[in-house]
There are 2 protein chains.
Amino acid sequence: MTAPSPFVVGERPGFTPQVGRLVVMLEYARRTTLRTVAGLAPAELDHLHDAESNSIGALLAHVAGIEVAYQRSTFDGRGLTPADEARWGAALALGSRARTEIRGEPLEHYLDLLSEVRADTLRELARRDDAWLEETTPFWGGELANNHFKWFHVLEDEINHRGQMRWLRKRLARA
Amino acid sequence: MTAPSPFVVGERPGFTPQVGRLVVMLEYARRTTLRTVAGLAPAELDHLHDAESNSIGALLAHVAGIEVAYQRSTFDGRGLTPADEARWGAALALGSRARTEIRGEPLEHYLDLLSEVRADTLRELARRDDAWLEETTPFWGGELANNHFKWFHVLEDEINHRGQMRWLRKRLARA
């Protein structure tokens with residue numbers, strides 16, 4: 001059996017129908033993130049375009065951190081643990097804290113974070129079903145959000161930052 | 001009946017089940033784009049952060065232009081007409097052509113473009129169904145893509161550029 005095209009939003013083995021479609025979108029977003037940062041050196045991952053910029057490395061850590069936060073929220077029904085805060089706090093905060101704390105790592109460090117977190121996501125999504133995607137809790141501004149939206153938001157936040165990473169990467173050569 | 005929460009990915013009246021979920025994602029992406037640019041003056045929409053930047057106005061026109069291109073591709077099975085090229089060519093190209101041709105317009109101009117194009121999209125999507133979303137054609141690199149993916153890509157491209165608009169807007173005050 002050949003692998004399905006990454007450009008077909010549809011069912012995927014091991015996932016229920018809606019969950020499979022969501023997984024295709026999550027994986028496509030990740031594919032484009034990985035292509036955006038391929039080959040970057042540590043100095044490029046740390047580079048700050050201006051005094052208020054996030055580095056590409058910090059944005060990659062943020063992408064992984066957001067995914068962890070939504071794992072906790074949707075799979076466990078709780079916020080970050082103190083251990084999560086210690087590991088992901090700077091990545092989630094971005095800004096000055098990330099500029100200080102997230103530096104000096106090679107690309108593999110960030111790729112390992114992303115793949116470790118994604119493996120957890122896929123394993124947990126495989127245990128859930130379309131009915132779970134529909135479950136709602138109060139969310140932004142007290143409006144209801146379902147798990148489907150929350151995981152769409154995870155990939156949507158990744159794409160938002162990937163757009164910024166592309167912009168920043170184009171300007172690295174001139175830095 | 002109250003309006004459904006914008007944070008619930010689910011069925012929507014007037015659309016088949018999968019199309020409805022896609023429409024929720026398209027509309028959420030648009031909502032965040034509109035919030036990103038709310039209140040910008042013409043000079044801010046035209047501002048170029050550096051010599052290679054796209055203006056926020058050009059990025060807004062690009063978002064509308066991409067949506068037109070995928071209307072033609074998925075609804076009509078063809079590319080842009082000469083009239084489309086005349087209207088949307090600079091927006092689709094971005095870069096130097098957009099820096100020259102897309103200028104001097106108020107925010108309402110861009111909002112009108114976006115809402116005109118979106119109305120066409122929603123009207124056409126309402127006429128189609130989940131089976132249509134699954135239809136495939138050869139796409140990037142000869143891999144198959146279905147209509148569901150192509151419309152996901154439309155919103156994904158919008159979110160990518162919204163990330164850039166947010167970055168650019170934060171720096172307008174210092175320009």
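Here is a walk through a two-chain model, from the way the copies are arranged down to a few single residues. What you see is a predicted model, in which local features need pLDDT of at least 70 and side-chain atom pairs count only at pLDDT 80 or more, while totals for chains, interfaces and linings use all residues. Residues are numbered from 1 along each chain as its sequence is written, chains are lettered from A and ligands numbered from 1 in the order in which they are written, and side-chain values use heavy atoms, with hydrogens and water left out.

Let's start with the overall arrangement. Two copies of a chain are related by a rotation about an axis and a shift along it.

Now for the place where the chains touch. Contact here means heavy atoms within 4.5 Å, and 37 residues from chain B and 37 residues from chain A take part. Of the interface residues of chain B, 100% are also interface residues in chain A, so the copies meet through the same surface. Together the chains bury about 3500 Å², with 57% of that on carbon and sulfur atoms. Phe7(B), Phe152(B) and Trp167(B) supply 18% of the area that chain B buries against chain A, more than any other three residues. Buried area is the accessible area (1.4 Å probe) that two parts lose on being put together, summed over both.

The rule finds 6 salt bridges between chain B and chain A, a salt bridge being a side-chain nitrogen of Lys or Arg within 4 Å of a carboxyl oxygen of Asp or Glu. Arg171(B) forms a salt bridge with Asp50(A), and their closest N and O atoms are 2.7 Å apart. On the side of chain B that touches chain A, α1 (17–37), β2 (144–146) and α8 (147–170) each supply at least two residues. The biggest share comes from α8(B), with 14 residues. Helices (H or I, at least four residues) and strands (E, at least two) are DSSP runs, numbered from the N terminus.

Next, zoom in on Gln71(A), which sits in helix α3 (residues 56–75) of chain A. At 4% relative accessibility, Gln71(A) counts as buried; buried means under 20% relative accessible area, exposed over 50%, and partly exposed in between (1.4 Å probe, protein chains only). Setting aside neighbours within four places in sequence, Gln71(A) is in contact with Asp76(A), Val117(A), Asp120(A), Thr121(A) and Trp151(A).

For a contrast, look at Pro13(B), in the segment before α1 of chain B. Pro13(B) is exposed, with a relative accessible area of 64%. The C-alpha atoms of Pro13(B) and Ala126(B) are 9.4 Å apart, though 113 residues separate the two along the chain.

Finally, there is a backbone detail to check in both chains. Most residues other than glycine have a negative phi. Leu94(A) has a positive phi, near 55°, and phi of Leu94(B) is near 55° too. Leu94(A) lies in the loop between α4 (82–93) and α5 (95–101) of chain A, and Leu94(B) lies in the loop between α4 (82–93) and α5 (95–101) of chain B. Leu94(A) is buried at 10% relative accessible area, and Leu94(B) is buried at 11%.
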